[in-house]
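The points below take up a ring cluster, a helix, a loop residue and an annotated region in turn.

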Amino acid sequence: MGPTGTGKTSFINLLSGSNLRVGNDLESCTGDVQMSKPFVLDGHTITLIDTPGFDDTRLSDTSVLNMIASYLEYSHECGKKLSGVIYMHRILDNRIGGISARSFRLFRNLCGDATLRSVVIATTMWDQIEIEVGEEREKELATKDVFFRPALHKGARMARHSNTLESAQIIIRSLLQEGSQSVTLQIQEELARGFDISETNAGKELSRELFEQMARHREEMKGLMAEMQEAARARDEESRRELSQERLRMESVIARLQFDSTNLMRGYRDALTKVEERLRIAEASAAATSRLSGSFQAAAVPGTSTKPAGGNEYPGQQTHSPIVQAVAATENSNAVLEGKLAAAVPVVGFWGRLAVMLAPFSLTWK
């Protein structure tokens, strides 16, 4: 987790060999919760989960919270447990501004204090800063109450990611060494107890911030109206037009915030329904193609290998079917999926063609 542009998706691709789409600069490309390919580290088979940031350039904070919470609830109900959480922060930022501070507050309310021992705060972009400057900022982040010190005091740890595979693996190992116990985040416990999303700590924090933003904008609107009246009295037509356009923009922002605030619960139900449907179809597709591929294996010529070219073998994971590989990877590109799935058509005949037609739809959620 973490703000947009901190390198979450690049970190995941580096470790797992996935090909999840990466944004440029501060523009987000992660529009959904998505999973990496499974990979093996020190005998552990690991899957990383990528999430959009709360300051996403295309999604509202309400939509992002609903996406993350619905995924966490559904995976928890299915018995899929987390082993740890990584929060990413750019060491390039010389201070935690309003957006970064808000993102970390929401993160804290998602996780809860009890799970902070399983949290690593990873600072990124070390290859883009002088080491002395970076170390000074790192010290400030770790020692000031307005930054990460309260979370560190309750068990979270800081680590550096230098955009290398070695530094990324060190971060993962630090979570694995913490213990084999699974982690249940605070929002998962709250939703499991029957709380509405608006009743969770994260939902309350988001609602509070939305109301604060609306109050600030309304105060700005009052000042803007006074300026418009002054421009009208002075017969300054150009200023009046500019102020009128600004008023329309501000009214649009307030309307959006009001919609986000009132739509939190309904949006969560919609998000949960989509998550359940998407993962259920993906799992059913994977199971069906696995059975079909198994039937093909039984009829194959002895000694003939059906391992896909370039495929990775993971403990407990079948590697003989390109379809299974594509479904397991859950890559965020239908073009890539279709290419991989199409390779299986001559092998599994009609059923392979059916899987090719269905898989792109089952793995995309907008």
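1. Rings of Phe, Tyr and Trp (its six-membered ring) are taken as a pair if their centres lie within 6.5 Å. In this predicted model, the count by that rule is five aromatic pairs. Such ring pairs join Tyr 87, Phe 104, Phe 107 and Phe 148 into a cluster.

2. One of the pairs is formed by Tyr 87 and Phe 104, with 5.0 Å from centre to centre and 70° between the planes, an edge-to-face arrangement. Tyr 87 belongs to strand 5 and Phe 104 to helix 3, 17 residues apart, and the pair thus links distant parts of the chain. Tyr 87 is buried, at a relative accessible area of 2%. Phe 104 also counts as buried, because its relative accessibility is 8% and the limit for buried is under 20%.

3. Tyr 87 forms an aromatic pair with Phe 107 as well, and this one is tilted: the centres are 4.7 Å apart and the planes are at 45°. Since Phe 107 lies in helix 3 and Tyr 87 in strand 5, the pair ties together parts that are 20 residues apart in sequence. Phe 107 counts as buried, with 2% relative accessibility.

4. Helix 6 spans residues 165-176, twelve residues in total, and its first and last C-alpha atoms are 16 Å apart, close to the 16 Å expected at 1.5 Å a residue. Its buried residues are Ser 167, Ala 168, Ile 171, Ile 172, Ser 174 and Leu 175. These lie on the same side of helix 6 because they cover an arc of only 155° around the axis. What do the buried residues of helix 6 pack against? Their partners are helix 1 (8-16), strand 2 (39-41), strand 3 (44-46), strand 5 (85-90), strand 6 (119-124) and strand 7 (157-160).

5. Thr 115 is in the loop between helix 3 (98-111) and strand 6. Is Thr 115 buried or exposed? Thr 115 counts as buried, because its relative accessibility is 8%. Its side chain reaches the backbone oxygen of Gly 112 at 3.2 Å. Apart from neighbours within four places in sequence, Thr 115 is in contact with Val 183, Thr 184 and Leu 185.

6. An unreviewed UniProt entry lists residues 207-241 as "coiled-coil region". In the model, the chain over residues 207-241 is 91% helix and 0% strand. The end C-alpha atoms of residues 207-241 are 33 Å apart.

Notes. Residues are numbered from 1 along each chain as its sequence is written. This is a predicted model: local features need pLDDT of at least 70, side-chain atom pairs count only at pLDDT 80 or more; totals for chains, interfaces and linings use all residues. Side-chain values use heavy atoms; hydrogens and water are left out. Helices (H or I, at least four residues) and strands (E, at least two) are DSSP runs, numbered from the N terminus. The expected span of a helix is 1.5 Å times one less than its number of residues. Buried means under 20% relative accessible area, exposed over 50%, partly exposed in between (1.4 Å probe, protein chains only). The arc is that of the directions from the helix axis to the C-beta atoms. Contact means heavy atoms within 4.5 Å. UniProt positions are given in the numbering used here, feature names are shortened, and annotations may be inferred rather than shown by experiment. A polar contact is a pair of N or O atoms within 3.5 Å; within protein, one must be able to donate a hydrogen and the other to accept it, and residues adjacent in sequence count only if both atoms are side-chain atoms. Rings of Phe, Tyr and Trp (its six-membered ring) pair if their centres lie within 6.5 Å; planes under 30 degrees apart count as stacked, over 60 as edge-to-face and the rest as tilted.
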